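Have the viewer open while you read.

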Amino acid sequence: MRIALAQINPTVGDIAGNMTKIIGDIDRAAEAEADLVVFPELAVVGYPPKDLLLKPDLIDQCEAAMKRIASHCRGITAVVGYPARSTQTAGRELYNAAAVCRDGRIIHTHLKHLLPTYDVFDETRYFEPGPKLDLATLEGTKLGISVCEDLWNDREIFSRQLYHDNPIDELAQLGAQLFINCSASPFVLEKRTFRLNLLTHTAKRYGIPIVYVNQVGGNDELIFDGNSCIIDAEGEVVAHARAFEEDLLVADLPQLGYPPTPPTAARPDTCGGVSWDASPPPVSNRIEPAPEGLAELYHALRLGLADYCKKCGFKSLVVGLSGGIDSALTAAIAVGALGAENVTGIAMPSRYSSEHSISDARELAEKLGIAFHLVPIDEAHAAMERSLAPVFEGTEPGVAEENIQARLRGNILMAYSNKFNAMLVTTGNKSEMAVGYCTLYGDMAGGLAVLSDVPKMLCYDLSRYLNTAESPLVKQLGHAPIPEASITKPPSAELRPDQRDQDSLPTYDELDAIILRYIEHLQPVTQIVEETGFAAATVERICALIDRNEYKRKQAAPGLKVTSRAFGFGRRMPMAQRFDPTAKL
């Protein structure tokens, strides 16, 4: 069987645009004489559509689009994800469906059975679970179709199953000869390896090949990495699409009737580009290498920022440059996303700013090739102090006076953003966001927080990687983008004389270890102390800071999710609460 993996980057809600993209790939797959072309989960509307699904007119458009898509399926079968209306009189009004289109019409519809409600997923808010499972057929081959989560309940892989049944088991028992999984599986560090292990294990366990097609692109806080693939019945990868870019991969699966096509060399590494065009793709059991580790993290952040700008209509970015590591890394990713010509850096020194902060910011701008402005805040800072002097009379200077500087900088950056329609990118990292070392309406101002799910130590690692010869930015610019001084100097907010982050925080490697355990692993304070050997008082103080600053994070810019538990809509903690993790009852 000749199979096309249509790994597309849909825009949420752009039904007409997504339909055009889907029809284009159906036509190209047909020209390549593919028997079957498979698209991602909810490809017609894009994932996650959230409360757009509550709009009846959006569902009307999806249904109209599916009719036009089906009409193009002549001489080829397509499996396309879309929201389908329920005909039942009880339950939710929609199904998360995958339509099998052939001969100009929809001949079969699979209804997603397992609906996730953890982390960023909230599918039972919109969808009714599919009431039964059955098979579709293609030229005598029985197709066992599943949608994303339907695949993720294998008792041999997961120590605790979230659901009481396993659709893949049932499809195998019904006699499936080919598994097809339409997916919108968000990127998380190290998830690709786990996902691939799940796919290969499933294929070997049942002796049934798997066609897996994943969405690619950035949608709000989520990033989708693609990495669609075909796994044969022995659990071997016979075709693997690109990571972090659109791809239409046409491959032969010998076990279903075609002789093997020799693997071809991968295309030049343009990870993050767009490969969709009007020409038919070559037929090749292409196995594309996927970036790993820090390279994978960079491509994810770059794509998330680029797609957020593209899909929201922003053509340029502005970044506040402090000379420190976070703003340098953010600006470098911005250049990778939109190009140096579309990025502006602004340094805003105060009376407490060191000379190297200005020189490091300027050097960064020169290395990146971006526009650079110097806007001192001394005069505005002094004016604010004079205005507040009668109100603050009799008090000691403290955090309030320090934060005036951050808020003045936020005003300057937002003024530039408004004037030139350039989106302000926030530079704070996960470690700062966790403990509240950020200023509301100051350095937290902005449209997107690129690093808000990247811990401080990982920011250092990623910056060092971007300065290596193999990094995409070095290849793009011809030299290392980030000044060495920004990486090596002690971190400081420079809001008072000789200030250092470690004046009031543990070292960042210690801080990040606590955050990982408390936020991502949900470990109790006592367990963190036992496993790390850190002082109990330190762990208790950091965990209390994390809990206390929930109100700040609720007002933060949306941030790109790259870890298993980000400070976004997948983490739902109350702001007004008094849980004490150290209480002895």
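For the residue classes used below, Ala, Val, Leu, Ile, Met, Phe, Trp, Tyr, Cys and Pro count as nonpolar, Asp, Glu, Lys and Arg as charged, and the others, Gly among them, as polar. Keep in mind that this is a predicted model.

**Cavities and a pocket**

Searching the whole structure turns up three cavities of 30 Å³ or more. The largest cavity holds about 80 Å³ of space, and 13 residues line it. If you want to centre your view there, go to Glu221, Lys561, Ala566, Phe567 and Gly568, which lie nearest the centre of the largest cavity. The lining of this cavity is made up of five nonpolar, four polar and four charged residues.

The second largest cavity comes in at about 60 Å³. Among the residues lining the second largest cavity are Thr426, Glu432, Cys438, Asp443 and Ala556.

Then there is an open space, the second largest pocket, with a volume of about 1200 Å³. It is lined by 38 residues, and Val188, Leu189, Lys191, Thr563 and Ser564 are the closest to its centre. Helix 4 (191-206), helix 5 and helix 14 each give at least two residues to the lining of the second largest pocket.

Here are the three spaces with their volumes and lining classes:

| Space | Volume | Lining by class |
|---|---|---|
| Largest cavity | about 80 Å³ | five nonpolar, four polar, four charged |
| Second largest cavity | about 60 Å³ | six nonpolar, two polar, two charged |
| Second largest pocket | about 1200 Å³ | 19 nonpolar, seven polar, 12 charged |

Which residues of helix 15 (residues 525-532) are buried? They are Val525, Ile528 and Thr532. These residues cover an arc of only 60° around the axis, so they sit on the same side of helix 15. The cover over the buried residues of helix 15 includes helix 14 (508-520) and helix 16 (536-548).

Leu294 counts as partly exposed because its relative accessibility is 27%. From Leu294 to Val12 there are 282 residues in sequence and 28 Å in space, C-alpha to C-alpha.

**Cysteines**

How many disulfides does the structure hold? The count is zero. A disulfide needs two cysteine sulfur atoms within 2.5 Å. For Cys73, the closest cysteine sulfur is in Cys101 at 4.8 Å, so that pair is too far for a bond. For Cys459, the closest cysteine sulfur belongs to Cys438 and is 13 Å away, which is also too far for a bond.

Are these two residues, Cys73 and Cys459, buried or exposed? Cys73 counts as buried, with 0% relative accessibility, and Cys459 counts as buried at 0% as well.

Definitions and conventions: Residues are numbered from 1 along each chain as its sequence is written. This is a predicted model: local features need pLDDT of at least 70, side-chain atom pairs count only at pLDDT 80 or more; totals for chains, interfaces and linings use all residues. Side-chain values use heavy atoms; hydrogens and water are left out. Buried means under 20% relative accessible area, exposed over 50%, partly exposed in between (1.4 Å probe, protein chains only). On a 1 Å grid over the protein atoms alone, a cavity is a set of points where a 1.4 Å probe fits but cannot get out, and a pocket is an open set with protein on both sides within 12 Å along at least five of seven lines; lining residues have an atom within 4 Å of a point. Grid points are joined across faces, edges and corners, and a volume is the space filled by probe spheres set on the points. Helices (H or I, at least four residues) and strands (E, at least two) are DSSP runs, numbered from the N terminus. The arc is that of the directions from the helix axis to the C-beta atoms. Contact means heavy atoms within 4.5 Å.
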